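Hi,

Here is the structure I promised to send over.

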Amino acid sequence: MVGNAVFRAEGLRKSFGHNEVLGGVSLELHAGEVTVLMGANGAGKSTLVKIISGVYERGDGTMGLAGQAFAPNTPAEAIRAGVVTVHQNINDGVVADLDVATNLTLDRLSGSGASFLFNPARVRRQAKAVADRMGLAIDLKARVSDLSLADRQVVAIARALAHQPKVLILDEPTSSLSSAEADRLFALIDRLREQGVAILYISHRMSDIRRLADRIVSMRDGVISGVFDKKPLDYEGAVNAMLGRKIHLDQIVVRSSDKAILTIEELRIAQGARPISLTLGDGEVVAITGLVGVGKTALAETLFGVRKPLSGTMVLNGKPYAPETTGEAIAAGVFLVAKDRGENGIVSGFNIQENISLPFHKRMSRLGVLRRRLERSTARRQIEELGIVCRSEKDELAALSGGNQQKVMVARWMAQDAGLFILDEPFQGVDISARRDIAAKLRASANGRATLLFVTELDEALETADRILVMSEQTIVGEHRNADVDLDRLLAEVAGGPLHSAA
Amino acid sequence: MTLRDHAIRYGFIVLLFGLIAYFAIAADGFVSPQSAVFIFQSVAITGVLALGVTATLVVGGFDLSIGSVATSAMMAAAYVMVVLEQNALVAVVVCLLIGAIVGLINGWLIVYMRVPDLLATLGMMFLLVGLQRIPTEGRSIATGMTMPDGSVANGKFSDAFLALGRHRFDFFIPNLIPVSVVVLLVLAVLIWFFLEYTRFGRMMYAVGSNERAAELAGAPVKAYKIWAYVISGVFASIGGILLAARLGRGDIASGNNLLLDAVAAALIGYAVLGAAKPNAFGTAVGALFVGILLQGLTMMNAPYYTQDFVKGVVLVVALVFTFALSGRGRR
């Protein structure tokens, strides 16, 4: 263990309006160590990274770098002080239309001391120096748009490292890389670790974390919920600190069902993934949980006809089910409340009433003409049913709180009876009371259909579902009846490794 | 509602009535049925084109080819009647087909070839401007013209076709309302009803606002987009038919201003009633607004070369209304 921390943050706070995103975070990074930062969506990871890298101003707290105060006002200042960040979206880090040499020296084109003229020979000389130091084997004349994603990532990191930083922050660097590409990145990270760089590595991928981590820091709801640095690292503990139960909730009355609505046989949703088989019953609420990027959304989209499975069959209410389009899925009675309502759900130019009627125009019109009175009465009924707080059904969605916007999204799909009702991350960006309302409504109306929830947070699964399935690496790896759940086993399945007791 | 909301909502309508009141006092004979009809007639063709382009704006696209579709339709109508010696019905059908086919190609380029809408329709505009000159080697088409092979074209514009441009219906006063104005009003009501009251129109707005959400609500997004361009193409070709009927010849030099005027009317329409989105009623008001302004200024002896400047000012003011005041611009 290295004694002194290169980077130290104490009591960092940050609020956006009334919403406190960071509630006093303290973090240490040590030279020659990879510290993994884990946290669910909305835990505050990105905010923390943006404060350290000078994008956001911190609300409160102090930061120190190599014993000196560190308070960057801009990303450029942070880089000059020795804190370099490689962001998640690879293509944000490189300019695709320029060659590798220019990309490696891009940051020298501006700022004080940059020369007015662009000198290709000098650029190539500097780029070669950067590439040699990193042991980069990429043709410097190649255009970045011709490179693989991993090579682009390496170029972005190499440029960042040309400044010989003390701290390197990698924000989900492998999220779009194949495993072979990721291996090359890991080799680079190993070399940097030997050179004594302190690395903060943000990831959801357990395989990456097992491969790289010297320490794990878990975040939850804007605070550090656990630090794990004793070897062997306690991976389940880290997952538990990030996702596990916060408070003891009332047990729900668990139901089981014997009438199958949907049967999935040997469904494969990704190359090299093991097939999925499962049955969803009438009146049942089933939650599928797992970390980000394990294929939850892919499975939801496969069921809804957005993408096609590689192989396998589905049977819905006794009939073969293989939707080609979302329209076919809806006609068959399969509805999806997609995740990320801003991106995939809300039509911002429409009011509540128009947003609710969106998927069912055909059923709400006569000879192609919308029946506005029916549309309005449906909207009013749904506003009542879900307790949406608004002035009237004519309100714009932008005027509603996040929780009420989400209720509108759920209300949209509950306006008609579903055979299979799928909700992907329905509690994202939703306050606790709206979450309770939605969950209660889902359970109360569950009869006559199968309900399938995709959630990352375990609490959400535990307080809504009759049955909890665990996904990892694009397949289902565990099943639990939501009564006396063996949390240790569940967490081990989420973390994707063998049980401690079994090891 | 605050004062600001009222300003956004009714500002442009108030401006329109203010303008009418001003011209009524300042210009003799401005308030008369003939003057009103003249205004409508002057904006009829651009109005029809503007209503078509509104459909593409609704799905979040744009159609720069409408002006050249209109002139191509005009040349085709002249060619069919003068050179091929066909009747009015054939000419009209050929024009409408040209509009529909160009719309389909535009839609295909944008949806399946992934060419950005502005670029695809810009390319189509160039293509059509050139194409319409090929059959006659760049000459205008009129009865008695000499063809490239030396023969003389003996066909002529049929009376039925010319009536589309010249016939006037009785309305209280005999021979008052031209056919083109009736066509404009009918198409305006049709597209308004289609966009506001049918499920297809509603879904087109959804596609324009959030394509992904529309797709996840089961809509065939690609088909909706292609249909929008077909509507735009067909409307533009109707504009071309009216233009040919008014001129009575296939004039290669006419129709230069159609695109800009039509687009301006549609964009001015965003500001009407604070809609802040493309809408048929606004487009019609936008076209009228420009027509009234130009008619009034002409009657007050403003020189013709100030017209484009005035249109530009109106457009910029309307865009400020839409984007700055209503705050819809930042999203």
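Below is what I found, starting with how to read the model.

It's a predicted model, so local features need pLDDT of at least 70 and side-chain atom pairs count only at pLDDT 80 or more, while totals for chains, interfaces and linings use all residues. Residues are numbered from 1 along each chain as its sequence is written, with chains lettered from A and ligands numbered from 1 in the order in which they are written.

First, where the chains touch. Chain A puts in 21 residues and chain B 19 residues, counting two residues as in contact if their C-beta atoms, placed from the backbone, lie within 7 Å. On the chain A side, α11(A) gives the largest share, three residues. That side divides into 10 nonpolar, nine polar and two charged residues. (Nonpolar is Ala, Val, Leu, Ile, Met, Phe, Trp, Tyr, Cys and Pro; charged is Asp, Glu, Lys and Arg; polar is the others, Gly among them.)

Next, a helix pair in chain B. The axes (lines fitted to C-alpha atoms over the stretch in contact, angles from 0 to 180 degrees between N-to-C directions) of α6 (residues 159-166) and α10 (residues 221-247) of chain B come within 7 Å and cross at roughly 100°. α6(B) and α10(B) are therefore roughly perpendicular, meaning 65 to 115 degrees. From α6(B), F161(B), L162(B), L164(B) and G165(B) meet I241(B), L242(B), A245(B) and R246(B) of α10(B). By class, that's six nonpolar, one polar and one charged. Helices here are DSSP runs (H or I, at least four residues), numbered from the N terminus.

Cheers

Methods: Helices (H or I, at least four residues) and strands (E, at least two) are DSSP runs, numbered from the N terminus. Angles under 35 degrees count as roughly parallel, over 145 as roughly antiparallel, 65 to 115 as roughly perpendicular and the rest as oblique.
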